[in-house]
Amino acid sequence: MATHELDRRSFVAVCLAGTAGLALGFPLGEGNQALAAEAAFRPNAILAIGSDGAITATVPYAEMGQGAMTSIAMLVAEELEVAPGMVKTVLAPGENKLYAHPVLGEQITGGSASLRGSWAPIRKAAASARIMMIEAAARQWGVKAGDCTLADGRVVHAASKRSASFGDLALAASKMPVPADPPIKTGGFKVIGTSAPRVDAAAKVDGSALFGLDVRLPGMVYAAVQASPVIGGKLAGVDPKPALAVGGVTQVVTLPNAVAVVGRHTGAARKGLAAIQPQWEGGLSSLSTADLVSKADAALAQKGATAYTKGDVAKAFAGAASTFEADYRMPMLAHAAMEPLNCTVEVRNGACEIWVGSQVPGRARIDVAKALGLGEDQVKVNSYLIGGGFGRRLQSEWIVQAALIARDVKAPVKVVWSREEDTRQDAYRYHNHSRVKVALDAQGNPVAFDHRIVAPAIMQWFLPSLLWKDGVDLDATNAASGPYEFPNLLVDYVRNDPPEGLLVGNWRGVGETRNGFVVETVMDQLAARAGVDPVAYRRRLLPPNSRIMTLLDRLARASGWGSPLPAGTARGIAIQSGFGSHMGLVAQVRMDAGKVRVERMTAVIDCGIAVNPNVVRQQIEGGLLFGLTATLYSNITIKDGRVVQSNFHDNPVVRMVNTPKIDVVIIDSKEDPGGVGEPGTAIVAPAIVNAVFAATGKPLHELPLPPSMVERV
């Protein structure tokens with residue numbers, strides 16, 4: 001095992017071992033005083049029970065479709081012996097002190113880590129309530145607490161046939177000591193593992209669910225905004241008169257790099273913005289995609305910082321029977337969420353209140369306070385549902401922008417980015433290039449694997465704890481050798497940050513979307529050179545009797561691997577280990593007049609205990625389609641310092657007409673839950689490219705697929 005890989009895994013293991021600390025034993029803090037006042041019983045920052053018996057769980061993480069609210073309701077219900085429908089869930093306000101993720105250290109929703117961070121802490125929060133409720137009843141009845149049980153929101157003493165509702169016991173329970181380390185269930189689950197209905201489904205169907213775009217406040221006005229279209233540019237000036245002449249427009253606000261038009265309704269604000277002609281200056285007006293690609297290509301020739309190492313790679317290459325080498329290029333990608341960025345802010349009397357859907361509400365609170373010159377306690381962030389995050393809402397610069405606009409407006413103001421603004425001012429997944437060299441023995445087996453990665457250090461600004469020795473970005477180098485055991489291994493990292501002014505960030509699937517594509521397509525090319533079936537070739541390199549080996553065999557059976565296919569049709573396979581889960585995908589594609597048609601995708605996942613199998617399937621299906629979009633279409637380009645793409649017509653997403661049949665198999669497991677939101681996205685490209693390779697014999701080392709192979713929709 002590589003030296004740094006061991007260190008990294010040790011780091012994660014230590015962090016995960018401490019997950020019981022989230023929100024237990026903490027004071028409520030200002031953000032939850034209102035809830036505490038309404039609840040007769042609130043033993044911690046997660047759980048509240050009213051005198052009417054209503055159970056409310058505060059969800060520390062954002063809900064952006066991944067089912068966080070449902071999963072947390074189920075964890076609470078399991079420990080309290082109630083149905084999930086009896087648990088009301090509310091989103092936590094921005095508050096790092098109460099709701100920081102136990103591994104990530106802040107109130108962050110990302111990396112498929114929400115459920116993993118909740119698995120022990122949320123159940124312990126509910127277990128505390130269970131113990132305190134039982135103790136309160138036992139003292140009232142003069143019986144042993146061990147003789148009492150819970151059932152449907154009541155404490156029951158079977159011997160005396162007495163029972164009391166949670167509501168009846170709430171006040172007495174609030175006077176019981178909070179257990180320091182309450183025991184939680186280790187098995188025999190009644191709720192966990194069932195496909196309980198999503199707690200937010202009905203509201204999303206009938207339209208009562210509140211997303212950021214749904215915020216309505218008395219006296220609220222609306223702002224349309226445009227930032228410099230040239231990367232890094234500044235506002236040189238603007239004549240506000242044309243905008244102010246539009247009916248309903250009330251104000252024009254200028255910022256160093258943007259202009260906003262404020263109106264009594266969205267239509268007025270957007271018409272006013274269209275009427276003005278801002279003058280811009282500076283920026284990278286000559287920058288092009290070719291420049292960025294050339295710079296990354298040049299970096300492939302540089303020796304990078306060692307990320308992982310094992311054995312003696314140089315010696316293995318010197319004695320190799322043959323070698324393999326390939327360069328890979330992956331483009332910039334936008335997030336393209338259905339709900340464009342939006343934020344409602346009111347700045348008044350030296351305080352700021354924000355209504356927003358954010359993946360980092362605690363960080364947003366800090367950043368806004370700094371931008372406005374306020375104390376953190378003078379900023380309040382109210383959390384709302386998110387209509388697609390995918391990593392874009394891990395930034396908060398757009399929330400700061402809204403706050404700066406609101407500072408000059410004497411009313412609550414809702415700032416909504418247009419689809420064009422959302423596309424051209426994104427925090428993109430940046431260019432990632434790789435160079436892979438493999439030393440092979442006489443049978444075509446790898447004896448050394450050398451992977452050089454050229455990528456930005458996203459974690460430098462986002463989460464510095466994930467920067468390793470010598471500045472190695474652990475996200476950029478994650479999964480750089482896949483799940484395989486190579487006798488000799490070298491992964492080195494060349495940092496290649498974007499030019500100043502170009503915002504880049506995390507993108508769904510993170511490191512695995514880049515390195516998984518590289519490693520898994522290399523595996524198929526090596527298998528072809530050795531004349532070995534791709535599944536059999538992988539089996540040679542996987543740890544025996546491992547979860548990933550079991551998954552590979554299950555995937556081969558589920559997909560009908562090796563069974564006959566019609567002419568022009570082929571299958572491709574890919575496997576990966578990441579986010580605490582193991583996943584495999586077989587993509588079946590048909591080549592028709594040189595065009596690729598993805599007909600079927602068969603996915604198998606081992607995510608440990610599937611808290612809600614239906615939600616797991618939904619997440620895998622959504623991730624697969626997100627990854628399919630990137631594989632077929634996505635490519636953000638720059639010309640004359642401006643992002644070329646602007647909307648779904650030139651940055652398309654997969655539609656129903658070209659959505660393949662999807663099968664998802666969940667392996668039954670007793671291991672702690674792993675992540676499911678990211679793996680589906682990360683595994684699509686290699687499976688499809690391997691299928692194309694099987695059909696055509698031509699390896700592809702760049703994404704997306706060549707336009708000549710893809711039918712546009």
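Reader: Which residues lie nearest the centre of the largest cavity, and how many residues line it?

Author: A quick note on the source before the answer: this is a predicted model, where local features need pLDDT of at least 70, side-chain atom pairs count only at pLDDT 80 or more, and totals for chains, interfaces and linings use all residues. Residues are numbered from 1 along each chain as its sequence is written, and side-chain values use heavy atoms, with hydrogens and water left out.

Author: Now the general idea: rolling a probe the size of a water molecule over the atoms shows where empty space is left. On a 1 Å grid over the protein atoms alone, a cavity is a set of points where a 1.4 Å probe fits but cannot get out; a pocket is an open set with protein on both sides within 12 Å along at least five of seven lines; and lining residues have an atom within 4 Å of a point. Here, 13 residues line the largest cavity, and Arg429, Thr513, Ala630, Ala685 and Leu703 lie nearest its centre.

Reader: What volume does the largest cavity have, and which helices supply at least two residues each to its lining?

Author: For volume, grid points are joined across faces, edges and corners, and you take the space filled by probe spheres set on the points. That gives about 100 Å³ for the largest cavity, and the count comes to 5 cavities of 30 Å³ or more. Helices and strands are DSSP runs numbered from the N terminus (H or I, at least four residues, for helices; E, at least two, for strands). Helix 20 (613-632) and helix 21 (679-696) each supply at least two lining residues.

Reader: How does the lining of the largest cavity divide by residue class?

Author: Ala, Val, Leu, Ile, Met, Phe, Trp, Tyr, Cys and Pro count as nonpolar, Asp, Glu, Lys and Arg as charged, and the others, Gly among them, as polar. The lining has 7 nonpolar, 5 polar and 1 charged.

Reader: Helix 21 also packs on helix 17; at what angle?

Author: Axes are lines fitted to C-alpha atoms, for helices over the stretch in contact, and angles run from 0 to 180 degrees between N-to-C directions. Helix 17 (residues 510-530) and helix 21 meet at about 25°, with axes 8 Å apart. Angles under 35 degrees count as roughly parallel, over 145 as roughly antiparallel, 65 to 115 as roughly perpendicular and the rest as oblique. Helix 17 and helix 21 are therefore roughly parallel. Counting contact as heavy atoms within 4.5 Å, the helix 17 side includes Thr513, Gly516 and Phe517, and the helix 21 side includes Ala685, Pro686 and Phe693. This contact divides into 7 nonpolar, 6 polar and 3 charged residues.

Reader: How do helix 13 and helix 14 cross?

Author: The axes of helix 13 (residues 361-372) and helix 14 (residues 397-407) come within 9 Å and cross at roughly 40°, and the two helices are therefore oblique to each other.
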